[in-house]
Amino acid sequence: MKFIRVNMNEKTVNIEGVPQDYAGLGGRGLTSIMINAEVPPTCDPLGPENKLIFAPGLLSGTPLPNTSRISIGAKSPLTGTIKESNVGGTVAAALGHLGITTIVVEGQAPEGELSFLRIDESGNASLIPAQEYKGMRTYKVVEKLLETYGKKTSVLCIGPAGEYRMPVASIQSSDVDGHPCRAAGRGGLGAVMGSKGLKALIVDQRGESTDPIADPQAFREAAKAVVKAIKEDHMNSEVMPKLGTAALVAPVNSMGAFPSYNARKGMLDGWEKISGEVMAQLIQERGGNPTHMGCAQCIIHCSNVFVDKDGEYVTSSLEYETIWAMGGMTGIVDLDTIARLDNMCDDIGIDTMSTGVAIAVAMDAGYREFGDAKTAIDMVEEIGEGTEFGKILGSGPAAVGKHFNHDRVPVVKGQSIAAYDPRAMLGNGVTFATSPMGADHTAGNLVGAYLEQKLDPLSPEGQVDTSRFLQIAMAAFDTMGQCFMASVALLSPEGFEAFGKVIGAKLGMQLGPDDFPNALGVRVLKAEREFNRKAGFTNQDDRLPRFFYEEPLPPHNTVFVISDAELDSTFDF
C-alpha cells in the first residue's frame, strides 16, 4: 500500500507507506480524517495550506463489483467546510490495481504554472509540464492524453472553470469509453485542483500490484452474498438498467417533491417530456445506448449514452440530478437542451447541480424567463469564457442571489439542495440541513424509504432517525468505494453483515456487528464535524433557508416542520 505526496511548489513526489493513523481506511474515511488532521480549518481553501486528497475506496481494485469510486477531499471554496466529493469511472480501479491508497497534493505551484501528475504501470509518479493544455476543455484534454499515453489510461482533469478557480468547478473523470463525463462535482474541488496548478491526474490501467487480500476464500464467499443482494434488488436489476437514475423523474414529480422553477413548485409543468421513460425511448430510437456501463466493474449498468438527432454522441450519462437542475429548476422541458447543457458543464468542468440552480436563481430574480433554453446555454458558456457575469454564476447560487439582491436561494452552507424538496420530503431536508458538507444528494437520501412506503414523507415522525441512520451508513460505504445504488441494496442487517465480512476478509480481521457501518460511519462524521467546528461553523449553520419554513410548496402546500432542536439531535452519538 502506497501513499504518494506531491508538493507543487517544490515539484517533489514522495512515495511512502501508509501511516498507522490511516491504516484500514480508504475513500471518504481517509480524505475526511486526513483533512481534519492535516489541514488548518481556517485556511484559505485556494491557498497553499489546503490539501487535495485523492483516495480510492478501501475495496477499489478488488474483485468486488461496484467499488470503483474515488473520493476527493479538501476544504471547500464553495462552503468553507470540509468536503468529500466522489466519482465513478475508471481511475479508482486503476489506482487500486497499482496498490495506491492515496495521493496527497500539497503546496501551490507558482502562478500560471500548470502540470500533470502521471502514474505509470509500475506505480511510479512524476510531474509533467502541461502549459500547452492551459484553458483547454476536458473532452479535448482527455482525447489528447489518450492519444499520448494509450487507451488503457484513466484521467481526472479540470476544465477552464477549475483554472479560473470558480467555486462550482468540478473534477471530471473518464469513463470506460474515455469520455470525461463523470463528475466529482460538489463543493468546488476543481477550483482547489486549479489553485494547486494541477491540470490532470493520469493513471495507467495496467497495474498488477493490487494489495493482497488477507483471506481470499472468505472474501470470495462474502462477495457472493453482496453480489446476490445487489442483483436481487428490484431497482438495480430492473429499473436502473432500463431507465438509469432518470427513473426518479416520474415518481418524485408524482409525490410533489420535484423542486421546480427555483423551488416554487413541487411539480414541473411538462415533466413527462423529460422522464426516464421518454429519455430511454428517445435514446433507443436514435441508436444510442440506454443501458451502458460507465464505471469499471459495474454490474448495474445505470449509465446511458445520449445521442443527438443524427446519432452523434452528446453525453453519458444523463442522470436524474442533472435533469432536475437543468430542467426542473429552470423550467426547461427539452431533453436535447438538457443533454447539451450537461455536455457543456462536463467540458467546462462545472457541477451541473450548482450551475443549474445558479441559473434558476437568476431566472427567479427576473434576469430571464423560466424555460428560456437559449439563455441557459448562453449563461453556461459565459462561465466557460470567464466573463464577469460568468464568474458570478461560477461562484454558485448564493453569489447569484447576492448579485441580484434575491433571497430565494435554495442552499445550505453555500451548496445547492438536490432534487428533492424538503417541504415534501422532510427527511431529505434533515440531511440537507445537517450534512457536514452542505446540502447533498448522496449523504443520506431517504427517497427509497418514501418510494417503498416505509416512511411518510410529509410526517415528521421518523425523519431524523432515518436521516441519521443513512448518513452513518453512507459515510461508511463511501469509505469502501461502493457506489450509491449498490449501497442502497445493502441497507439491511443481512447486507451490513455480508459487507462487513468482505472488509474483514480484505484486512484479515474479525469485525464486530457494530463495526460496519456504525463505528466507521460515526468516526468519519465526527471528524468532519470537528473540522467544521474548528472552522467556525455552529448548529445555526445546520438550517435550511427561511423560505422552506415559510412558503408552502404546491401541490401539498406544506412547509418544512422539523424543529431546530430536532435537527440538532441528528448527530447525538
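The largest cavity of this predicted model holds about 160 Å³ of space. Here a cavity is a set of points on a 1 Å grid over the protein atoms alone where a 1.4 Å probe fits but cannot get out, and lining residues have an atom within 4 Å of a point. Volume is the space filled by probe spheres set on the points, which are joined across faces, edges and corners. As a predicted model, it needs pLDDT of at least 70 for local features and 80 or more for side-chain atom pairs, while totals for chains, interfaces and linings use all residues. Residues are numbered from 1 along each chain, and side-chain values use heavy atoms, without hydrogens and water.

**Cavities**
- Two cavities of 30 Å³ or more are counted.
- Of the 19 residues lining the largest cavity, Gly57, Leu58, Thr101, Asp211 and Lys506 lie nearest its centre.
- The second largest cavity has about 40 Å³ of space, and its lining includes Thr434, Arg529 and Asp542.

**Nonpolar cores**
- The largest nonpolar core has 85 residues, and Val252, Phe306, Trp324, Tyr420 and Phe560 touch the most other members.
- Helix H12 (residues 352–364) gives the most to this core, with eight residues; helices are DSSP runs of H or I, at least four residues, numbered from the N terminus.
- A core joins buried Ala, Val, Leu, Ile, Met, Phe, Trp, Tyr and Cys residues through side-chain atoms within 4.5 Å, where buried means under 20% relative accessible area with a 1.4 Å probe, protein chains only.
- Beyond four places in sequence, Tyr420 is in contact with residues including Leu248, Val252, Tyr320 and His441, contact being heavy atoms within 4.5 Å.

Methods:
Buried means under 20% relative accessible area, exposed over 50%, partly exposed in between (1.4 Å probe, protein chains only). Helices (H or I, at least four residues) and strands (E, at least two) are DSSP runs, numbered from the N terminus. On a 1 Å grid over the protein atoms alone, a cavity is a set of points where a 1.4 Å probe fits but cannot get out, and a pocket is an open set with protein on both sides within 12 Å along at least five of seven lines; lining residues have an atom within 4 Å of a point.
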